[in-house]
Amino acid sequence: MSRESRMLAGILLILLPTVMYGGLTLLSLLTGDVPGYNDNPLRHDLWRAGHAHAGVYLVLSLVMLRYVDEAVLSPFWKWIARTGAPIAAILIPAAFFLSVISPTAKEPNGLMNLAYVEALFLAAAVLSLGVGLIRAARHME
C-alpha cells in the first residue's frame, strides 16, 4: 500500500467514530422525547439516509484503498479512485442533512443537488478503479 493510501486509510479510520456518534445521535432522536424530529417524515428519512450513506461510503473508501495501488491508472485517475468515495462519504450525507436543515422543511432545498454532482464523482472513482484493475489483470497474463 502506498504512503498516500495508508495515510488516507488512517484518517478515515480516525473519522469513523464521528459516523458512529451520528448513529448514536439518531438513535437518541428516535427513542428520546426530542420535539420535532419525528414530526417531519421528510427530515427524518433524509437524516437516516444521510447517516447510512456516510457509513457505507466510508467502508467503501477503505475497501477501494486496498486496490488503488494495484490498478494500472495514470496518477490523475489514481487520485480520483483514491478520493472519490471519501469525498462522497462527506458530501452526499451533507446534501441530505443540509437540504432539510429547517425542522419545518416540506421539500429538500437546492443543496440536494450536491448529492447528484457527488454521485457522478463517486461513479468516476469506482469505474476508474474497476478499469484500472482489469488493466492490471491483463498485464499479469
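Student: Let's start with one residue. In which helix is the place of Ala 85?

Tutor: Happy to begin there! Helices here are DSSP runs of H or I with at least four residues, strands are E runs of at least two, and both are numbered from the N terminus. By that rule, the place of Ala 85 is in helix H3.

Tutor: Before we go on, a word on the source: this is a predicted model, where local features need pLDDT of at least 70 and side-chain atom pairs count only at pLDDT 80 or more, while totals for chains, interfaces and linings use all residues. Residues are numbered from 1 along each chain as its sequence is written, and side-chain values use heavy atoms, with hydrogens and water left out.

Student: Is Ala 85 buried or exposed?

Tutor: We go by relative accessible area, found with a 1.4 Å probe on protein chains only: under 20% is buried, over 50% is exposed, and in between is partly exposed. Ala 85 has 1% relative accessibility, so the label is buried.

Student: Which residues does Ala 85 touch, not counting residues up to four places away in sequence?

Tutor: A contact means heavy atoms within 4.5 Å. With residues up to four places away in sequence left out, the list for Ala 85 is Tyr 57, Leu 60, Ser 61, Met 64, Leu 122 and Ala 125.

Student: How many helices and strands are there in the protein?

Tutor: Reading along the sequence gives the pattern α-α-α-α. The count is therefore four helices and zero strands, by the DSSP rule.

Student: At which residue does a kink lie in H3?

Tutor: A bend is the angle between axes fitted to the seven residues ending at a residue and the seven starting there. In H3 the kink is about 35°, shortly before the proline Pro 86, and it lies at Thr 83.

Student: And where does H1 bend?

Tutor: The bend in H1 is about 30°. A proline, Pro 17, follows within four residues of the bend, which is at Ile 14.

Student: Which helices do the buried residues of H1 pack against?

Tutor: The buried residues of H1 are Ser 5, Leu 8, Ala 9, Leu 12, Val 19, Leu 26 and Leu 29. Their packing partners are helix H2 (41-68) and helix H3 (75-98).

Student: How many salt bridges does a search of the whole structure find, and which side chains meet?

Tutor: Side chains of opposite charge can pair when their charged atoms come close. A salt bridge needs a side-chain nitrogen of Lys or Arg within 4 Å of a carboxyl oxygen of Asp or Glu. The search finds one, with 2.7 Å from N to O, between Arg 82 and Asp 69.

Student: How many residues apart in sequence are the parts that this pair ties together?

Tutor: Arg 82 lies in helix H3 and Asp 69 in the loop between H2 and H3. The pair therefore ties together parts whose separation in sequence is 13 residues.

Student: Arg 43 is buried yet has no salt bridge, so what is the nearest side chain of opposite charge?

Tutor: Arg 43 lies in helix H2. Lys and Arg count as positive, Asp and Glu as negative, and His and the chain ends are not counted. The nearest side chain of opposite charge is 9.1 Å away, and belongs to Asp 39.
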